Amino acid sequence: MSGILTRRALVGGIAAGAGTLLSGCDRLGQNERFQALLRTGEDANYGLHRLLQDRTALAEEFRPDQRSPVFRANGTRMPGGDDYARHLASHFADWRVPVDGAVAHPQAFSMAQIRAMPARTQITRHDCVEGWSAIAKWTGVPLKLLLDRAGVSPQAKYIVFHCADPQSNGTMYYESIDRIDAVHPQTILAYAVNDELLPVQNGAPLRLRVERQLGYKQAKYVQRIEAVASLQGLYGGKGGYWEDAAGYEWYAGL
Ligand SMILES: Nc1nc2c(c(=O)[nH]1)N[C@H]1C(S)=C(S)[C@@H](COP(=O)(O)O)O[C@H]1N2
Ligand SMILES: [Mo]
């Protein structure tokens, strides 16, 4: 009995305070930024992640013996088109990755140049929304090194990765990340997996590893890197192939 009474008393107290609470909500309701946050799921999710997580924290790294026996492939396993076939036949000797857009010194990097730059190796877990995970060892050049050479302008908010595999809807696969992830120490352009040159099925010759996010952000077959102030006007405008095609979240934080 006394428990119920106490609870009643509590409820009464809340009811008495409701006037103040409601007017607080009203003020929030009139706030345009808050309204926008409620409207777009992606923004809300991104905002929450920003509030709750240290975006510069490292993703977990694993021991060599913790690697999965095989690192499977998903999505495109062999890009269509003559261009890619030609590059594959010549072992990507002429593959050049331009870093352009909102940069002071646009320039293109050959695979030889990329492989000669300081490398980072990391053993991380890949999580795909389709319900599988795998641990593999990735080696590549930190994205920051390429971006620093190109001199990304202060107006650029996002880094876009244009891929070489055409999709069934006629557009190309692409992805984008913000500048926090772009300079994260584990964000690399990988050219090797488990000490082997990247196989075609995993994105040869170059694929993104952005280890704090889900599988679909890990763009394979990267053929151009573009710095942009806005994602609007690029393909479907949502910052990535799956974001455009199926409404996947742009910020796919783990
Ligand atoms: N260019 C390109 N990148 C892509 C994809 C793709 O189809 N094309 N699939 C994505 C998805 S959904 C996942 S889970 C991973 C799979 O990488 P893997 O094939 O190396 O396992 O790549 C991502 N990056
Ligand atoms: Mo995926």
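**View 1. The second largest pocket, with a volume of about 360 Å³.** This close-up comes from a predicted model, in which local features need pLDDT of at least 70 and side-chain atom pairs count only at pLDDT 80 or more, while totals for chains, interfaces and linings use all residues. Residues are numbered from 1 along each chain as its sequence is written, and side-chain values use heavy atoms, with hydrogens and water left out. Of the 24 lining residues, those closest to the pocket centre are Asn74, Gly75, Tyr173, Gly215 and Lys220. The lining divides into eleven nonpolar, eight polar and five charged residues; Gly counts as polar here. A pocket is an open set of points on a 1 Å grid where a 1.4 Å probe fits, with protein on both sides within 12 Å along at least five of seven lines, and lining residues have an atom within 4 Å of a point.

**View 2. The largest nonpolar core, with 41 residues.** Its members are buried (under 20% relative accessible area, 1.4 Å probe) and joined through side-chain atoms within 4.5 Å. Leu143, Ile159, Phe161, Leu189 and Ile225 touch the most other members. Among the elements giving two or more residues are helix 6 (143-150), strand 5 (158-166) and strand 10 (222-228). A second, separate core of ten residues includes Phe71, Trp132, Ile188 and Val193.

**View 3. The surroundings of Leu143.** Leaving aside residues up to four places away in sequence, Leu143 touches Ile159, Phe161, Ile177, Ala182, Thr187, Ile188, Leu189 and Ile225, with contact meaning heavy atoms within 4.5 Å.

**View 4. The hairpin of strand 1 and strand 2.** Five residues lie between these strands, which pair in the antiparallel sense over four bridges. Ser110 in strand 2 is the bridge partner of Arg96. Pairing requires at least two DSSP bridges.

Methods
Chains lettered and ligands numbered in written order. Buried < 20%, exposed > 50% of the residue type's maximum accessible area, 1.4 Å probe, protein only. Points joined across faces, edges and corners; volume = space filled by probe spheres on them.
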